[in-house]
Amino acid sequence: MTLEASGVTFGYRDRPVGTDLDLRIAPGSFTAIVGPNACGKSTLLRVLSRLLKPTEGSVLLDGKLIASMPSKQVAKRLGLLPQTSIAPDGITAVDLVARGRYPHQSALRQWSRADEAAVKEAMAATGTTDLADRLVDELSGGQRQRVWVAMVLAQQTELLLLDEPTTFLDIAHQIELLDIFAGLNDQGRTVIAVLHDLNQAARYASHIVAMREGAIYAEGPPEDVITAETVAHVFDLPCKVVPDPVSGTPLVLPLGRAQRRPA
Amino acid sequence: MLRAGDRASTRTLLRVAVVTAIVAAAAILAAVVALGLGEMRVSAVDVVRALISDAGAAVETVVVQWRLPRVLLGLVFGLALGLSGAIFQSLTRNPLGSPDVIGFDSGAYTGAVLSIIAVGGTALVIPSALAGGIATALAVYLLAYRRGVHGFRLIVVGIAITALLGSVNTYLLLKAELWQAQMAAIWGAGSLNGLDWSDARNGVAVVGVLLVPLLWLGRRLRMLELGDDAAAALGVRVEPVRLALVVVGVALSAVVTALAGPITFVALVAPQLARRITRAPGVQLVPSAATGALLLVTCDAFALNVPPQALPVGLITVVLGGAYLVWLLIVQSRKEMR
């Protein structure tokens, strides 16, 4: 399943965020969208997931205009973990995950064995099975985020769009979550994530999209995109890039004030 | 342990269903008791006999002709107010977001007072109250609209408009003739006094019609509770669905206000009570409806039969609502102090 944006311009009323962007997401890839704050990366994700209508250009899902597809049909193929979501008061983890089955249900087909199996599978994949009966409000940040991921997984979509899924989590929980995404990608799901940490992006993604000021500055495999030159330009950050001693992927080392300190 | 998941989910559903059934049964029981109360006392057995078979002409006249329309409206209006409150509290994500708090009732009152002053009687009260209420709701919705409507802004704008209309209403009453002011005050108290079978038929029909779109909207309302983005990603068309819910929510309040005057606080209290007794997540439509019915029928029986008699039920619900608000504030502040 391919997702493609061609010539999209988007923004909010008077403030254009991105202009004339082209992006093609290859099936089975793990794409990381990186860039400085306010470069439009989260907004691009909203456009790709048809939450924001582009003012010009079009988004195609399997060659069909996503804007003219029935919303529930899209929701069966494309899942989104939004940056902000709200757990209803007093909801348990399993009840929340079960809501991810909405696009597969109708007034006549409320709760089926397939729904049950999907919820069970999603909770197992995210290691949240043991949290099923707990109230979402009472979970830790890492646990809560995994429950939300489980909700998106219960949707059983081939495409997973993740908007800054690791923000506000400590490093251990970030890696735990990224490992889950990598596992899902191995099983054939296409993952598109907005990520802040370049080194994590380089390690986990097969394809990097670097954005700056509402445009795609560079895209390609991590080795080609995460270079000292690109990072310096995209983030205005002088840095050194060395091979990650663990994974061999590019590792960004910002120079910062360290360079000025006397040896 | 793998099975715990689905069992937990079914358990919530089961508990909600059982509790709702109990509340609904209690509402019907209260209705049967209310039908027997009054100057001519009728035993519960005779009430049921009058309803389903035959209990003698006198009993039938009193129970079916005189008392039943009022009690039926108590049930149906309570249900409508419970639903309306549940819709608004869910949309605004706030236990204070009910149609009376966000300006509908004061707008309806302004419409009613204006028509009483202009026409010199109650002939046009129903359409004027509806127009006033709906215009106010629309104004609040539009004023709160900014790239979609967000709950908190809706409440703040609603409270501001309510305060504004409050002063308009006071001014109108001060300017009006004494008898006009009295008439307006009686309407404004909200009462089921004097409603007959033709009112009952209209009220039940309108509420019945409004329940149809809710069958479709109910599941979408639950999804909106996850936040607009999550709901949209899961396939809900957020803005049209929310607008439809606002329209149905206002209409459910409007039909009650049109026939009985503003009966406040049932819409505010019923969903929260329902939530606490079912211990279900979010706002629940059906339990709120059952709780609203039980509340209004019980309050109306009190208003009618506890001395001083024939009080407007609106007075009782205001007292109840006041007590509830105090309780809510105490609970909330305790929670914050912890």
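Predicted model: local features only at pLDDT ≥ 70, side-chain atom pairs only at ≥ 80, totals over all residues.
Local features need pLDDT of at least 70 and side-chain atom pairs count only at pLDDT 80 or more, while totals for chains, interfaces and linings use all residues. Residues are numbered from 1 along each chain as its sequence is written, chains are lettered from A in the order in which they are written, and side-chain values use heavy atoms, with hydrogens and water left out.

Me: How much space lies in the largest cavity?
Reply: A cavity is a set of points, on a 1 Å grid over the protein atoms alone, where a 1.4 Å probe fits but cannot get out. Its volume is the space filled by probe spheres set on the points, which are joined across faces, edges and corners. The search of the whole structure finds five cavities of 30 Å³ or more, and the space in the largest is about 60 Å³.

Me: Which helix gives the most to the lining of the largest cavity?
Reply: Lining residues have an atom within 4 Å of a point, and here they include B:Phe88, B:Ala137 and B:Val250. Helices are DSSP runs (H or I, at least four residues), numbered from the N terminus. In chain B, α5 (125-144) and α10 (238-260) each supply at least two lining residues, but the most, three residues, come from α5(B).

Me: Is B:Asp300 buried or exposed?
Reply: B:Asp300 sits in helix α12 (residues 285-305) of chain B. Buried means under 20% relative accessible area and exposed over 50%, with partly exposed in between (1.4 Å probe, protein chains only). Because its relative accessible area is 5%, B:Asp300 is buried.

Terms used: 1 Å grid on protein atoms, 1.4 Å probe; cavity = no way out; pocket = protein on both sides within 12 Å on 5 of 7 lines; lining within 4 Å.
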